[in-house]
Amino acid sequence: MELQAMYVQILALVIFAIGLIVAVSRRNVFFVLMGVELALNAVNLSFVGFAKTLPADLSAAGQIVPLFTIAVAAAEACVGLAMVIMIFRNRESVDADTFTNLKG
Amino acid sequence: MTNLPLWFIPLFPLIGCIVLGAIALISSGEKKGPSEGFVGALSVLFPALAFVSVVLLSFNMPEGGIRSTLCNWIDIPMFKVDIGFLFDGLSRIMLLFVTGIGTLIALYSNGYMHGDRGFARFFAYINLFLFSMIVLVLSDSLLLTFLGWEGVGLCSYLLIGFWNHDINNCKAANKAFIVNRVGDIGFLLGMLVLCTLGGSNILNYDALNAFINMIMGAGNVEIVVPILSIAGLCFFIGCTGKSAQIPLLTWLPDAMAGPTPVSALIHAATMVTSGVYLLARLSTMFVQIPLILDIITWVGLLTAFWAAVAGLFQNDIKKVLAYSTISQLGYMFMAAGVAAFDASIFHVFTHAFFKAALFLGAGAVIHSLAGEQDMRKMGGLLKKTPVTACVMIFAFLAIIGFPGFAGFWSKDLILERLYMSGPMGPFFYAAGLLTAVITAVYMGRLIVLTFFGSYRGSKESEEHIHEAPACMLFPMVVLAFGAIFAGYFWADSMGIKFFEESLAPVVGAAQAVLHHSEAHVSAGVFAGLGTLAALLGMGIAWAKYGKARIPAAKGSSAPQGKMATWTFFWDYVHGVVITVVNAIAWVVDNCVDKLVQFAQWLVGGIAEILGDGAASFQVRKVRLQIALSIAGVAALVIVVLLTGGLI
Amino acid sequence: MLALIYFIILAVVAVGSAICVLLSKHPLYGALSLVVSMLSLAGIYGLLGSPFIGVVQVMVYAGAIMMLLTFVIMVLNAAKDSKTPMFDKVSLFVIPAALVLAGLVGFVLVRSGIAFDATTLRGSVKFTSETLFNLSQTGPGYFVLFEVIGLLLLSAMGAAVLMAKKRLGTDNEEEK
């Protein structure tokens, strides 16, 4: 028994599914953010896992792009938390279902 | 000093323009303008430096000319243009008189514009004009020439409308600018047509000539000549705009609204001849398309004749000169049309001297009469302003082709070439000779009305008549000497062919393509007939205007009645064309545009209805929407799996 | 064999702490569970031969981002949403949908038959820096991307400052 590439992908899939469920089903806005981070992590793992299945000269992209993903995630968390602070200041609530400013 | 860089020549006027423009801008807010002495010195210095550079370069010019590429301008696939300069026999002659006369006229303007509030602004424009004109003449590619071409058009606009507090001046400036744009579109289209012909570098003159020689040598005449003809026609339209030929000539008489030195420099000596320059520059191309050359000859002929007759009817001294300029340009185009490019450039050269002298003389007359331009109110100025009168009379003798004066040699040469140009030659010659007679008549009328007889203005204005200051007289005298002696650069019957030889490397090969039979008439006969025409015209003018009482001027100086019909014929034609275009525009505005609007409204309405319908389906909960989209993705995956799309 | 054992341990920790995120009541507990999950993922990166990504994961994700999140949770202090139910009717719909999706994708994955390649490059610091900054070798693409990411972070910072600072106008205009 050796470590298979498939296992990594299955793990990524499971974590992605959990992240998605957290992001969509929980109503607390912090959990929404955390679910998104979890899903992003799963995607990174999938990238690296696939990169390891490619020959030498092709495996660079799969190992560089996660770095950028992490940087983008940092920006996203930064802006997202600022938005949470702003909304919380206006609404005194962290329930995502109460944020209905755009309701038509 | 053999390796004086070519870009020095346009650099000096550019610096002058920037410096003077800065002075004009800085002083624009002040009550008192900048010191006129300082500004005047600067304004003469920079053109003079350019002139000195040209002279230095001229003496050291090798036979084939100097080429220098400054930098790359446009470099894209299929199309490559460098900013480069070409200094050869043709551009040498053009540059010599452009910068030389430019310097003289800058000096003259110091006197003429004395006390004007826009003193520095005026000279900034003049320097900008010289820069553009030098770029036009000196460039080695059509595109850079076009840059200069547009630049001189802009300066022409700025200077015609220089006294912009008068609405008529602004209208004249607009007219000049817009009519010129029509011609410029021809120029642009010509360049585009050439680009379609092939060769990424084709806008370069050397490359173009090589290309045409190569094509003609290979015998692909049937394919290329139609395209070349279209290109030639487009360029010719550009030339008619800039050089005031039929049909785009109406702007030049109106352009006399500008200050007189401007008329002398731009609208007589230099800018309007750039069309002739372009024809000579593209001579290799034009000799391959005889059809276009015929058109050029006919247009030149009609323009020369029409403008000469229109010149008879004018009362405004500057308008007479304007029509005479158009007429002389017609001569140059006739010469170019029969592939006598060297003769046409020679006429450009001599014309620059005597027409500038005439304009400067007219300016001095206007100056001494405190702005009066109507010839019916002048007269007897010979005694009051003798120097001006002598200059004007010398220039007059030059323009009518009196033997020994500059115009005699050049006009005679053109007529001779016309005669030898083939079966239509004698007709062209006769028409040219007739035009020469008319020229002598209207110029004689100008001289007689202005300088002879007795003064017809009011008594008190007679007191103030004075000779122009020295800084105005000096350029006039120099130009008068030019008007007398410039012709001896190519005195054919005396065997002096300096001018022809210096132009031969540029246009000689082209002219050899259309070889005309040598005339069986000796040169003496041509000279005799030309002299006769001049004397006949002078005689008519003296007989008709010398003794007759001139009716007192009343109303405006514009011609009336049938004379007006003749004078403004092409304005009417333009009016008709504009009316037709307006009608088409009206139709487009009221029919086509409405259709488009209806289509817009239809599309918008449909989109609005659809959007409203779609909006009513919206679930107003973000999380539920995301959940739905996840379910949608799941459904898609199921579909793909079931249909076996991926695996 | 040893790698597989390590992988199974790390995977179990990662999935377990992810489920803890899903089920925890207070966001702070959720955040801490998320940190554990990320740390174990970092271990998996190391196991896979990309230690640099693992280090960045620890520093940026588990360190910076989660610290920021925890900080905000503690600052706002109203995060304990006792009134908000953990799951509702929408959740009942979401969880089966996500599970079905995951199951389908897993099905496809299992049938695809991917395998590790022996020649693949180790994602070390040297390798990463050469790929990013050695323009003559890999071309300017990654480097431009790198610069753009810098701009993105700068603008995100500006946006966050602008949004989180006190509103200039009145606050409670649109209440309810």
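In chain A of this predicted model, mean confidence is lowest in helix α3 (residues 60–91), with a pLDDT of 87, and highest in helix α2 (residues 29–51), with 91. Over the whole of chain A the average pLDDT is 86, and 95% of the residues score at least 70.

Chain B can be described in the like manner. Its mean pLDDT is 86, and 96% of its residues reach 70 or more. Among the helices of chain B, confidence is lowest in α20 (residues 459–463), where the mean is 74, and highest in α5(B), where it is 92. Where pLDDT is low, predicted coordinates should not be read in detail.

**Chains A and C**

In chain A, of the contacts between residues at least 6 apart in sequence, 49% join residues at least 24 apart. For chain C, the corresponding share of contacts between residues at least 6 apart that join residues at least 24 apart is 49%.

**Contacts between chains**

Chain C and chain A meet through 76 residues of chain C and 65 residues of chain A. On the side of chain C that touches chain A, at least two residues are supplied by each of the helices α1 (2–23), α2 (27–48), α3 (51–76), α4 (89–112), α5 (125–133) and α7 (141–164). The largest share of this side, 12 residues, belongs to α3(C). Sorted by class, the side of chain C that touches chain A comprises 59 nonpolar, 13 polar and 4 charged residues.

Chain C also touches chain B: 11 residues of chain B are in contact with 11 residues of chain C. On the chain B side of this contact there are 10 nonpolar residues, 1 charged residue and no polar ones.

**Helices of chain B**

Helix α5 of chain B covers residues 142–160. At 1.5 Å a residue, its 19 residues should span 27 Å, and this agrees with the 26 Å that separates its end C-alpha atoms. Of the 19 residues of α5(B), 14 are buried, so the helix is largely enclosed by the rest of the structure. The mean pLDDT of α5(B), as noted above, is 92.

A pair of helices in chain B may be considered next. Two packed helices are described by the angle between their axes and the distance between the axes. Helix α3 (residues 89–112) and helix α21 (residues 470–485) of chain B have axes that come within 7 Å and cross at roughly 150°. The crossing in which α3(B) passes α21(B) is left-handed. On the α3(B) side, the contact is made by Leu104(B), Ile105(B), Leu107(B), Tyr108(B), Asn110(B), Gly111(B) and Tyr112(B). From α21(B), the contributing residues are Cys471(B), Met472(B), Phe474(B), Pro475(B), Val478(B) and Leu479(B). By class, the residues of the contact of α3(B) with α21(B) comprise 11 nonpolar and 2 polar, with no charged residue.

Methods
Residues are numbered from 1 along each chain as its sequence is written. Chains are lettered from A and ligands numbered from 1 in the order in which they are written. This is a predicted model: local features need pLDDT of at least 70, side-chain atom pairs count only at pLDDT 80 or more; totals for chains, interfaces and linings use all residues. Two residues are in contact if their C-beta atoms, placed from the backbone, lie within 7 Å. Ala, Val, Leu, Ile, Met, Phe, Trp, Tyr, Cys and Pro count as nonpolar, Asp, Glu, Lys and Arg as charged, and the others, Gly among them, as polar. Helices (H or I, at least four residues) and strands (E, at least two) are DSSP runs, numbered from the N terminus. The expected span of a helix is 1.5 Å times one less than its number of residues. A residue is buried if 20 or more other C-beta atoms lie within 10 Å of its own, exposed if 12 or fewer, and partly exposed in between; C-beta atoms are placed from the backbone. Axes are lines fitted to C-alpha atoms, for helices over the stretch in contact, and angles run from 0 to 180 degrees between N-to-C directions. A crossing is left-handed if the near helix is turned anticlockwise from the far one by less than a right angle, and right-handed if clockwise. pLDDT is the predictor's confidence in each residue, from 0 to 100.
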